[in-house]
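Subject: Structure for you to look at

Hello,

Here is the structure I said I would pass on. Please open it and keep it in view while you read the notes below.

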Amino acid sequence: MAKSKLEYIWLDGYKPTQSLRSKTKIEADFSGNLEDCPMWSFDGSSTEQAAGGSSDCLLKPVFICPDPLRKNAFLVMCEVLNADGTAHPTNGRATIEDDDNDFWFGFEQEYFLWDTETDKPLGFPAEGFPTRPQGPYYCSVGAQNAFGRDIVEEHLDACLDAGLNVEGINAEVATGQWEFQIFAKGARDAGDQIWVARYLLERIGESYGVSINWHCKPLGDTDWNGSGMHANFSNTALRTAGNKDTYDTICQAFSPADVIKAHIDVYGADNEMRLTGKHETQSIDQFSYGVSDRGASIRIPIATVERGWKGWLEDRRPNSAADPYKVAAVIIKTVKSAEIVAA
């Protein structure tokens with residue numbers, strides 16, 4: 001009788017930033033299909049999701065893919081439910097009101113590879129900072145510039161073997177900083193794939209003794225870049241507009257103060273440390289958009305203009321630790337409000 005390892009993955013209740021948790025379930029003669037993944041449970045009192053006197057939380061499987069790191073194994077992304085089957089307050093995926101697959105997302109996930117012994121990025125000396133400032137490390141080649149490539153390459157292969165829609169990787173601006181990009185259609189699928197890719201990176205880092213630092217500004221108030229999760233997005237209106245007015249209308253829908261707050265609230269903790277107006281960011285208390293402007297809140301890619309105003313937008317404000325479920329959900333809501341106004 002064949003037995004499979006099902007790694008159930010979920011988000012805990014830690015604040016202000018949730019962490020990944022997982023545990024293994026063994027199933028005999030498993031089909032590999034999502035609908036055949038049984039519900040499971042865990043001790044929510046150990047993850048800040050329940051009190052000890054009533055600690056059971058449920059795991060509802062919502063996404064499955066092969067686990068490339070183990071034999072006869074699958075990765076199962078789950079939503080967390082209360083014991084009565086209702087969505088747990090920490091369940092960001094369940095808050096997606098409109099999972100419209102007309103919306104396409106391309107997330108650019110930045111992160112730092114972190115040396116657990118020095119408590120600094122890979123490539124940093126034990127004391128102080130690298131002798132050269134940031135710049136040579138972006139899309140770099142060579143042992144003096146690129147640190148941790150073995151981890152990054154192994155992660156890329158693992159994501160592809162798992163069937164995730166990774167579209168690329170590159171070394172980023174700071175020492176030990178990297179990025180991968182994932183494309184998906186719909187808020188839920190985009191979030192599922194980013195979370196599973198994050199999980200795989202964490203697991204691979206374990207084997208190297210390297211942790212993954214998702215904080216948006218792990219080097220603090222220094223002249224080193226923070227980490228973002230830039231959200232590229234489009235829908236039929238953006239992909240077929242053919243005019244600048246449609247783009248102006250949609251971008252302006254992001255500008256009211258209450259809308260800015262709704263977005264910043266889910267764009268990741270400590271974002272004020274990253275959105276300073278420096279290092280290719282707009283200040284957190286301002287909103288702007290512009291063609292090819294990496295210092296704007298929302299960038300209109302030059303390729304969109306060259307195609308006759310048919311393409312996508314890039315919201316540069318989400319940070320590296322943001323929940324992609326919540327980011328995608330609020331973008332869909334704002335874009336759809338703009339279309340109502342435009343109509």
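Which residue caps the N-terminal end of α4? Asn243 does this: one of its side-chain oxygens lies 3.2 Å from the backbone nitrogen of Asp245. Please keep in mind throughout that this is a predicted model. Helix α4 itself covers residues 244–252, and its buried residues are Tyr247, Asp248, Ile250 and Cys251.

Next, the pair of helices α1 and α2. Helix α1 runs over residues 149–162 and helix α2 over residues 187–208. Their axes come within 9 Å and cross at roughly 135°, which makes α1 oblique to α2. The crossing of the two is right-handed. On the α1 side, the residues that meet α2 are Asp150, Ile151, Glu154, His155, Ala158, Cys159 and Ala162. On the α2 side, they are Ala197, Leu200, Leu201, Ile204 and Tyr208. Sorted by type, the residues of this contact are nine nonpolar, one polar and two charged.

The remaining notes concern residues in loops.

Where is His88, and is it buried or exposed? His88 sits in the loop between β5 (73–81) and β6 (104–115). Its relative accessible area is 8%. Buried means under 20%, so His88 counts as buried. Leaving aside residues up to four places away in sequence, His88 touches Gln49, Cys57, Val80, Leu81 and Asn82.

Pro16 belongs to the loop between β1 (3–11) and β2 (20–28). The peptide bond leading from Lys15 to Pro16 is cis, and its omega is near 5°.

- With a relative accessible area of 57%, Asn72 is exposed.
- With a relative accessible area of 15%, Trp309 is buried.

Regards

How values were computed: Residues numbered from 1 in each chain as written. Predicted model: local features only at pLDDT ≥ 70, side-chain atom pairs only at ≥ 80, totals over all residues. Heavy atoms only, no water. Buried < 20%, exposed > 50% of the residue type's maximum accessible area, 1.4 Å probe, protein only. Helix = DSSP H or I, 4+ residues; strand = E, 2+ residues; numbered from the N terminus. Polar contact = N/O pair within 3.5 Å; in protein donor to acceptor, adjacent residues only side chain to side chain. Contact = heavy atoms within 4.5 Å. Axes fitted to C-alpha atoms, helices over the stretch in contact; angles between N-to-C directions. Parallel < 35°, antiparallel > 145°, perpendicular 65-115°, else oblique. Left-handed = near helix turned anticlockwise from the far one by under 90°. Nonpolar A, V, L, I, M, F, W, Y, C, P; charged D, E, K, R; others polar.
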